[in-house]
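Biologist: Could you take me on a close look at one part of this model, the place where the two chains meet? I would like to know what each chain brings to that meeting.

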Amino acid sequence: MKSKPLYSLGEESSNRILGFWLFLGAEIALFGTLFAVYLTLANNTGSAPTQKELFEMNGVMIETFALLTSSFTIGLVVNAIKLNHKKAFMSFLIITLALGAIFLGVEITEFFTYVHEGATLQSSGALSSLFVLLGTHGAHVTFGMFWGIAILIQTYREGITETTANKTFIYSLYWHFLDVVWIFIFSFVYVKGLIG
Amino acid sequence: MSALFPKQQVVGFIQSLVLTIIALSVYFLDIPYRISLIILIVTALLQGGLQLIVFMHMGENEDKSVLYLNLGYAIFVAVTIVFGTLWTLLWGW
């Protein structure tokens, strides 16, 4: 029989992982409602700029590749746990967080540009729902940055233990989930908005 | 060194890049709107599934059946909300 990985050794560790999956189920419902609102209001642009006028494919592509690559590198962090390779763990986690920072930097710049072009939260139904959807995802990524830094510090101090391995695995689930949500935003907000 | 980059995850990453490029082609090529939307739906679903299986190690969990049940229910709720909303508010029911 295959031995259990370090991150899900004890019963408590397994329960934490299971509990986090249940939480992700609720998150799917949350983002589902936000997508429903956006897709309903997407054409209600009034006299405000439309998505086609606002969206810039270059920034969106950088955001997408940054987040996709970070999803890969956080997977490598989990793999480093299995190898008990602390140096690789730290390096891949730092790369993951750096890519997260690039994503957030581009997104924040994008928001500033939108507001500068007269597209604010109050401008139209489409823009209100757009900002709420993007903002909720961006807030999740921001939270994930702090979470990742905390894990980085704890692992730096204590090494790869059952505790830090378990926390890291749960964090990786969160990060992959945010990547999946972004793929849907990329496809059904940006690409759809630009071709529609 | 190669142990740091397991084949399964490298292949998964390449697949996710390819799916993204296919989704992007909808923007760069002149494809009819309806077909574009179908391509986007298919690539987004495949991308999501890829993350769940390859990167989130869903199948390795000992409570696998509970996870699938919970995920299935969450997706059911999300799909009902999204398409229920579109059906009643946009598609002229």
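**Where the chains meet**

Modeller: Happy to! Let's begin with the build of chain A, whose elements run α-α-α-α-α-α from the N terminus on. Please keep in mind that this is a predicted model. Chain A has six helices and zero strands. Along the principal axes, its C-alpha atoms fill a box of roughly 60 × 30 × 25 Å. Of the 196 residues in chain A, 46% are buried. If we take the contacts in chain A between residues at least 6 apart in sequence, 83% of them join residues at least 24 apart.

An unreviewed entry places "domain: Heme-copper oxidase subunit III family profile" at residues 18–194 of chain A. That span is 86% helix and 0% strand, and its end C-alpha atoms lie 39 Å apart. The unreviewed entry in UniProt also lists "transmembrane region" for several stretches of chain A, including residues 88–106 and 173–191. Residues 88–106 of chain A are 100% helix, with end C-alpha atoms 27 Å apart. Residues 173–191 of chain A are likewise 100% helix, and here the end C-alpha atoms lie 26 Å apart.

Now for the partner. Chain B is divided into domain 1 (6–56) and domain 2 (61–93). Taken over C-alpha atoms, the centres of these two domains of chain B are separated by 20 Å.

Chain B gives 41 residues to it, and chain A gives 39 residues. On the side of chain B that touches chain A, H1, helix H2 (33–55) and helix H3 (64–89) each supply at least two residues. The largest share of that side, 14 residues, comes from H3(B). Sorted by class, the side of chain B that touches chain A has 28 nonpolar, eleven polar and two charged residues.

Let's zoom in on one helix pair. The axes of helix H6 (residues 162–195) of chain A and helix H1 (residues 7–28) of chain B come within 8 Å and cross at roughly 25°. Angles under 35 degrees count as roughly parallel, so H6(A) and H1(B) are roughly parallel to each other. From H6(A), the contact is made by A:Ser187, A:Val191, A:Leu194 and A:Ile195, and from H1(B) by B:Ala23, B:Val26 and B:Tyr27. By class, this contact of H6(A) with H1(B) has six nonpolar residues, one polar residue and no charged residues.

Conventions: Residues are numbered from 1 along each chain as its sequence is written. Chains are lettered from A and ligands numbered from 1 in the order in which they are written. This is a predicted model: local features need pLDDT of at least 70, side-chain atom pairs count only at pLDDT 80 or more; totals for chains, interfaces and linings use all residues. UniProt positions are given in the numbering used here, feature names are shortened, and annotations may be inferred rather than shown by experiment. Helices (H or I, at least four residues) and strands (E, at least two) are DSSP runs, numbered from the N terminus. Axes are lines fitted to C-alpha atoms, for helices over the stretch in contact, and angles run from 0 to 180 degrees between N-to-C directions. Angles under 35 degrees count as roughly parallel, over 145 as roughly antiparallel, 65 to 115 as roughly perpendicular and the rest as oblique. Two residues are in contact if their C-beta atoms, placed from the backbone, lie within 7 Å. Ala, Val, Leu, Ile, Met, Phe, Trp, Tyr, Cys and Pro count as nonpolar, Asp, Glu, Lys and Arg as charged, and the others, Gly among them, as polar. Domain bounds come from an automatic or database domain assignment. A residue is buried if 20 or more other C-beta atoms lie within 10 Å of its own, exposed if 12 or fewer, and partly exposed in between; C-beta atoms are placed from the backbone.
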